[in-house]
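Hi everyone, thanks for coming along. Let me put the structure up on the screen, and then we can walk through a few spots together.

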Amino acid sequence: MKQSSKAKHYAVLMGVAWTLAVGVSLLWSFVQERDASHEAARVAARAQFEKDIVYRRWNAGHGGVYVPVTERAQPNPWLAGQRYRDVETTTGQRLTLINPAYMTRQVHELSYESSGIRGHITSLRPIRQANAPDPWETRALESFERGQQEYSSVEQMDGVLHLRLMRPLMVEQSCLGCHAGPGYSVGDVRGGISVSVPLAPYSALARKQMAATGAGHLTFWAVGLGGIILAARRISRDDRSLLLQQARLAESEERNRLLSEVALEGIVIHDQGVVLDMNARFAKLSGYSREELQGVNVISLLFHPDDIGSLLDKIGRAYSEPYQVRGVKKDGTVFDVEIEGYNMQYGGKSVRVVSVRDITERRRAEEALRESEVLFRTLFEHHAAVKLIIDPATGAIVDANNAAARFYGWSRERLKAMNIRDINILSPAELAKELEHAETMERIHFFFRHRRADDSIRDVEVFCSRIEVKGKRYLHSIVHDVTERKRTEEELVLAKEQAESANRAKSDFLANMSHEIRTPMNGVIGMIGLLLETGLADEQRRYAETVRTSAESLLQIIDDILDFSKVEAGRLEMETVDFDLRILLDDLAEQMAFKANEKGLTFTCSLPSEVPRFLRGDPVRLRQVLVNLAGNALKFTHQGEISVQVSPLAETDDSTMLRFAVCDTGIGIPPEKTELLFEKFTQADASITRNYGGTGLGLAICRRLVQMMGGEIGVTSRPGAGSEFWFTASFGTQHLPDRKYSPENSARPGDGDDPLQLLRALARDNIRILLVEDNATNRQVALGILKRLGLRGEAVTNGAEALDALAATPYDLVLMDVQMPVMDGFEATRRIRDVRSPVLNHEIPVIALTAHAMKGDRHKCLDAGMNDYLAKPIFPRALAEMLVRWLTGRCRVSGGSDGERADPVPGVPDGIPVFDRLGLQERLMGDESLVAEVVAAFLADMPGLVGRLRAGVAAEEPATVAHWAHTIKGGAASVGGERLRTAAAAMEHAAVAGDAGGAARCMSVLEDEFGRLRKAMEQGCAKE
């Protein structure tokens, strides 16, 4: 009886201990489920807070949002002092300004109505009494002032448990627009937003989980208690044999195993990951059979590699609280599990008992909840702003809110059946590109034009954000009607243009002042030029040269001021024409070589073979930059050399980027001064102006010209060691026919094409030129230059007199001043072109002479009917080139009575040699074998060139005729074929002038001259 009583005592103690253990485990599970539900509610509260912050930032960033006045959205009395709080649209709809705080309260009301989640913006120092904190919020705000970033707890609100959470509101930059008063600075805590989430939905989910857990524990407890009772009875039966006791013990263990088998959770007993025992649920969760798992280390087998480290750490620390990891099934499926384990004695050693729960469905439910929150369904549908959800892949409108239906005039159902292409007036290709920009978040802000149901077109501003739902991307678009704003902006642009016009007027004043200075400068420079061509004593010539040098320096300063005024007025423009870079550099070298020789310097230009030679761009502006840089190098270099180098940087089929460098061995520039060189009116040292002169404008103008050519400019220099001024520029490339004939590739086309020589030939045809100029000095200069050129000039003083003269005398060309009394040059030219005027020749070439040099003035001259444009002061060579351009091919032959004009016919003046063999020998340094080789190559190639020229004439293609005539002219000049060169030059000028008939008449002359040249060459070579 004593042993039976002892067994019963032990049974009672074991039953109590077992009950306490199961009860503690059940209580622990309940606490964990409760805490999990609270944490889920806390996550929802944080999400609500972050959403409020995003809305507030967006609202503050736009200075508030206007919405229609409704019963819910009444005008904010706290904004009554705002001038534009309430506005009215052109359709009569009243709008009111919603500031961030007002919008936050509206959002809180909508959230409470749809989900019961309460929101409250408050402060310890509220502006509105309605924003005053309750006691709980007061405690939270006081904790924020102590540096705490979040305050949360479970509280009763109206008899219902809520998870209350509050975070501080920080002053941001956008807040200062409305709160710029004293005491506000970025980063200050100025209150907070409290979010109260009802716990009922989360508690219901937790109760379901608790019921399942309780049922499992109850079953486990009952079976265990039964096992204890049975064990006690077995122990009390001391009359049974030990074998029977062991059998009964095995039976008890089996029953315990059955208990674990029917549990809803997987249970496993392991030693450092090696499975000692498990229930069927655990094997089912893993996808393996029990035999496959028994005795196997399952840590690396059943768990995700990234989570193994954390798992081993918790096993080593005997971690007993639930935690979540990722499991891997036998088929490779990754699923979420929750693990709870504890250590126990098993088989005489310490092992770990672990319960494993599959929480995939719970995770999926939480994910669905987050997706529903992302869509903000209630806020989306009832928001005052127009909102669209768009599939960026197809442009389909997935959803639209009520405001969108009101704005576009279609129902929401109709909008959801439409594509954004039905609304946006962009082309499909353009729209697809914009959708791609929005999807990649490359751009989120757009301006479009949208079509509405009534076919009206409205200007809209669209803000896009990217959202993801179940892995698929959508565009959340907020659309604002900005038609009225655009109209206001256009008015502002007009006002801005008017202000800029006033600024250009200032620059126009500089240009006009430049004109007034250039007019007398024309007389000074022209008269000095004529004076220097008379017989002067040495001392007189020296004085005159000094005057001319000073006048040219002054003219350079005037040109700098004029270019500067163009830059300031925004009227500096670039032309795009074909040009030969080799010729441009040769001209530069020829211009600079004389001054370099005077100072004992070496001046070189190099053009490597890999640099494209035939370009498209503005050669005048390129030359201006090179002349300025080379001129500066000459000015500041006293010994050594100056070189101009060109190298390619990048090249495509149609364009090339070149680098130009002007290097010298001059005085150099201190490093700290180089940054100032390209500023207006700036030089490296004030003493430079005293020693060398200059305005400091040249490099500033060069920088602007280089920028307009798509490049940049810079300098590297060292005092006493010289400087390198470099710049880059982009040009188009010409696609010319392949040319294999070496003279036309290596020799410069036009060598020997002297306009003075051509003019002397024209003078034999009794050319008559009418000069129209009101300034007596300018008349004297122009007539003097014409006389020196061997031409006959007659002058009148205004446009009216010019019309009378042209009605009485058949002149060949008119030099027309622009600004004159009685009738200016523009009006006179228009009347000359008028077929109703008494002028004898309405097509007579009219060349404008003016001190204006703005590009707009040139166009004005051409629009008035003038043929070309020559800026004052007039230089003899420039005038000669202009006259050759417009008089070649218009020469007359004698015949008929005096004053009668004969038909224009081409011809080569007498006195020009057919073949200048001596000149060719000199150029080839007397090498007769080389002379014979060059002549043979010329005679072999020239018939093909003449044939191409003849085809161009037959096809009436002026550009082709000009090209091949230019090529023949260069080839003839290189071998001394002077008459052929002259004939080709006349043909080129006729083609450039668009005179197809003149070019055709020149063709026979050119062929005759080539025949004469070929005969002369063959005879000359035969004699040798």
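Let's begin with a pair of charged residues: the side chains of arginine 485 and glutamate 489 meet in a salt bridge, with 3.5 Å from N to O. By salt bridge I mean a side-chain nitrogen of Lys or Arg within 4 Å of a carboxyl oxygen of Asp or Glu. Why do these two sit about one helical turn apart? Because arginine 485 and glutamate 489 are 4 residues apart in helix 15. Helices here are DSSP runs of H or I with at least four residues, strands are runs of E with at least two, and both are numbered from the N terminus.

Before going on, a word on what you are looking at. This is a predicted model, where local features need pLDDT of at least 70, side-chain atom pairs count only at pLDDT 80 or more, and totals for chains, interfaces and linings use all residues. Residues are numbered from 1 along each chain as its sequence is written, and side-chain values use heavy atoms, with hydrogens and water left out.

Back to our pair. Arginine 485 is partly exposed at 35% relative accessibility, and glutamate 489 is partly exposed too, at 34%. The cut-offs are these: buried is under 20% relative accessible area, exposed is over 50%, and partly exposed is in between, using a 1.4 Å probe and protein chains only.

Arginine 485 has another partner, glutamate 461, in a salt bridge of 3.0 Å from N to O. Arginine 485 lies in helix 15 (residues 483-532) and glutamate 461 in strand 16 (residues 457-469), so this pair ties together parts that are 24 residues apart in sequence. Is glutamate 461 buried or exposed? At 8% relative accessibility, glutamate 461 counts as buried.

How many salt bridges does a search of the whole structure find? The count is 44. One of them joins the side chains of glutamate 794 and arginine 792, at 3.4 Å from N to O. Glutamate 794 is partly exposed at 22%, and arginine 792 is partly exposed at 39%. Elsewhere, salt bridges that share partners link Glu39, Arg42, Arg46, Glu50, Glu150 and Arg167 into one network.

Now for some contacts along the fold. Isoleucine 390 sits in strand 13 (residues 386-390) and counts as buried, at 5% relative accessibility. The C-alpha atoms of isoleucine 390 and serine 477 are 7.5 Å apart, although 87 residues separate them along the chain.

Further on, lysine 860 is in helix 26 (residues 855-863) and is partly exposed at 47%. Its C-alpha atom is 8.3 Å from that of phenylalanine 826, 34 residues away along the chain.

Let's look at two helices as a pair. The axes of helix 24 (residues 799-808) and helix 25 (residues 825-833) come within 9 Å and cross at roughly 25 degrees. Axes are lines fitted to C-alpha atoms, for helices over the stretch in contact, with angles from 0 to 180 degrees between N-to-C directions. Helix 24 and helix 25 are therefore roughly parallel to each other; angles under 35 degrees count as roughly parallel, over 145 as roughly antiparallel, 65 to 115 as roughly perpendicular and the rest as oblique.

Last stop: leucine 20, which lies in helix 1 (residues 2-61) and is exposed, with a relative accessible area of 55%.
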